[in-house]
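Subject: Structure handover

Hello,

Here is the structure we talked about. Please open it alongside this note and follow the residue numbers as you read.

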Amino acid sequence: MSANALFFEGRTVVWNGHIGEVVENPDTLSEVLVRLVGEKVIRTMAASDLTPLDSLDETNRDLPLAAVEADEWDKAAKRASACREIEAACDKTSAVADAAKMLGVQPRTVWRIQKRYRTDSKVSTLVSRKPGPKKGSRFLSLEREAIVHDVLEESYLKRERPSAGTATNDVELECKRRQLRPVCAQTIRNRLRAIDPKYVMQKRQGGKRAREKYKPVPGTLMATRPMELIEIDHTLADILLVSDDATRKVVGRPWLTLAVDVATRCVVGFHLSFDAPSSTSLAMCILSIVLPKDQLARYLDFDLLGVEWPCSGKFEVLLTDNGRDFHGAAVMRGCQEHGIELRYRPVGSPHWGGVIERLIGTMMGRLRMLPGATQRDVRAKDGQDVEKRACLTLSEFRQWLVTEIATHYHQVVHRGINMPPIEAWRMKSSTQISQPRELSDQECLRLFVDFLPYCERPISRVGINMNAMRYWSDELRDYVARGRKHAIRYDSRDIRRVYFVDPFGKVIVVNCVRQDVPQMSVQEWQKLGAAQRTTGAIQQRIDDRIAGHDANKALVASSEKASRQAHRDSNKKVERDKSLQARPLPVAEASPGNVASTFNPNRVPTPFKILEF
């Protein structure tokens, strides 16, 4: 059907945000006569510039041919034959008259049939329509139609997502303001249903949500052999776990990392921890992919219950999302070191990770039946005290997860491949994958360390300084004080040790010098240090320091005051002595009959004076 055929006479259309009505649809295939609201002039517009205001699905539905009754179809076939004869005739007037006699209708009816056939030359176009107005017809005036359109655009199609009742109220007020008859609420609801759902979601919830729901996603990931393509992702498990000690207090929700083989849908690796996703989580998951599951069970201390889980070995391609933990230098260099191609999903295209997302959804659905499950949302809890019902520890939940994967998920028919994943693995790996060998402890350690984050530190005589602690190993003697920094890898989950890879590829485990440091993550160690600075013992020592400082300060001030007073007293005595020496002493007068005193302090004595008797 041509674009011009969509704009029949009387249809309401939108042109550059303005409401209009189709006045006439000429025989041309690209132009339509339209009258806009508020204008008396009829404009000739291109059909490509117009948008039907109502839904095309309601006004132009293609009815299945088998649904048309036989009588109606025969009548439509006769009309189509008559229209073809009219098109081939030179004298169309006489041809129309002959067709009217044959069909038993008036000539003007034949002209209308001919116009419909010219628009779309199909027999189904001429099937008799039910009497009455066409579905999707609109009977509001253009002014009221424009009000409905503008109010829905401004008041309903916005991110706050108001209700339809709000839009109805706004339309009513706007009609009363313009002294027009209000629009029925049912009419407004019909207009809302006629809007393109993708356009509604784009305006009310954003383009991202609209693309996720309505954007076509053709194509699929193709993998023909096991370990060709592995998808990996993290999720916060919907369950609360408790501690391993006697108190069994609630610790929180664990992070679960899963890896799935696209060709067989088998789970090939996992990692479970309370720590947030990081390069360490990815390293542990990759190690679980490569290791045979019997060897992994010994490392992680879980039981396979005698169930076969042969999914292990070296893989070719790792497909991840665009999370920060997958873009670290340690991850990219670790993949390059071991010949693994690292791919990222296109941004904004979560469907490319559909296999791992479906696996995560399945696992979350299975664990919601466990005590302590937080359910999908708050409404699903239904007033349950989740923390009170939590009872599983991390090791117990790991055992439950392994049993669930090996005995249930791998044994049930997967709809994506129409067979159980374990059967798909056996069938596709019978001639392509050899049984993986067990790796030595040094090989496992090297594979694990290659994906750990690192920082550059010098190796001094006292060892490696990191995290406000010192690390030392006798194997570092040859690298001490060489004047350069080395790449020191660390596991953020364990503060007690770091790792150094020597030039020969050997991994050296460097332990902390302090023996009293417990096993804890770097984040826990930093929080502990910050907490200790505010504890009572530390605060008491700070109070003692403050008291001592104040006492010393008072002692010095008292000493300074005493010294100043002593200096002032000494200066006063010196000045007094000087004044006494400078002032002459009075001479005593001799009384009659007495011999005058011979002592005169102002007289200079004559030396060696001879006294005569």
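Helices (H or I, at least four residues) and strands (E, at least two) are DSSP runs, numbered from the N terminus. Two notes on the source. This is a predicted model, in which local features need pLDDT of at least 70 and side-chain atom pairs count only at pLDDT 80 or more, while totals for chains, interfaces and linings use all residues. Residues are numbered from 1 along each chain as its sequence is written, and side-chain values use heavy atoms, with hydrogens and water left out.

Most residues other than glycine have a negative phi.

Arg161 sits in the loop between H5 and helix H6 (164–177). Its phi is positive, near 55 degrees. With a relative accessible area of 47%, Arg161 is partly exposed. The cut-offs: buried means under 20% relative accessible area, exposed over 50%, and partly exposed in between (1.4 Å probe, protein chains only).

Met227 also has a positive phi, near 60 degrees. Its place is the loop between helix H9 (207–214) and strand S6 (229–236). Met227 is buried, at 3% relative accessible area.

Five strands make an open sheet, in the order S4-S3-S2-S1-S5, with antiparallel pairing. Two strands count as paired if DSSP finds at least two bridges between them. Strand S4 (42–46) and strand S5 (51–52) are the edges; each has a single partner strand, so one side of each has no neighbour in the sheet.

Going through the pairs:

- S1 and S2 are antiparallel and share four bridges. Val14 has Ile19 of S2 as its bridge partner.
- The hairpin of S1 and S2 has two residues between the strands, and Asn16 takes a positive phi near 55 degrees there.
- S2 and S3 run antiparallel and are joined by four bridges. Glu21 is bridged to Arg35 in S3.
- Strand S1 (residues 12–15) and S5 run antiparallel, with two bridges. Val13 has Pro52 of S5 as its partner.

Helix H5 (residues 142–156) lies across S1, strand S2 (18–24) and strand S3 (31–36). It runs at about 140 degrees to S2. For such angles, axes are lines fitted to C-alpha atoms, for helices over the stretch in contact, and angles run from 0 to 180 degrees between N-to-C directions.

Tyr199, in helix H8 (residues 197–205), touches Glu153 and Leu157, leaving out residues up to four places away in sequence. Contact means heavy atoms within 4.5 Å. Tyr199 is partly exposed, at 28% relative accessibility.

**The cores**

What is a nonpolar core? It is a set of buried Ala, Val, Leu, Ile, Met, Phe, Trp, Tyr and Cys residues joined through side-chain atoms within 4.5 Å.

The largest one has 69 residues, and Leu258, Phe315, Leu318 and Phe397 touch the most other members. Helix H10 (residues 279–290) supplies the largest share, eight residues. Another core, of 19 residues, lies apart from it and includes Cys455, Ile488, Ile508 and Trp525.

Phe315 is worth a look. Beyond its neighbours within four places in sequence, Phe315 contacts Met227, Ile230, Ile286, Ile289, Val290 and Ile340.

Six strands form an open, antiparallel sheet in the order S13-S16-S17-S18-S15-S14. Strand S13 (454–458) and strand S14 (464–466) are its edges, each pairing on one side only. Strand S15 (residues 469–472) and strand S18 (residues 507–512) are joined by two bridges. Trp472 has Asn511 of S18 as its bridge partner.

**Helix H11**

Which residues of H11 are buried? They are Lys293, Gln295, Leu296 and Ala297. Their cover includes S10, H10 and H18. Just after H11, Asp301 has a positive phi of about 60 degrees.

**A pocket**

The second largest pocket holds about 1400 Å³ of space. On a 1 Å grid over the protein atoms alone, a pocket is an open set of points where a 1.4 Å probe fits, with protein on both sides within 12 Å along at least five of seven lines; lining residues have an atom within 4 Å of a point. Grid points are joined across faces, edges and corners, and a volume is the space filled by probe spheres set on the points.

There are 46 lining residues, and Ser273, Asp275, Asp491, Arg493 and Gln519 are the closest to the pocket's centre. Elements giving two or more residues to the lining include strand S10 (267–273), helix H11 (293–300) and helix H18 (441–449).

Best wishes
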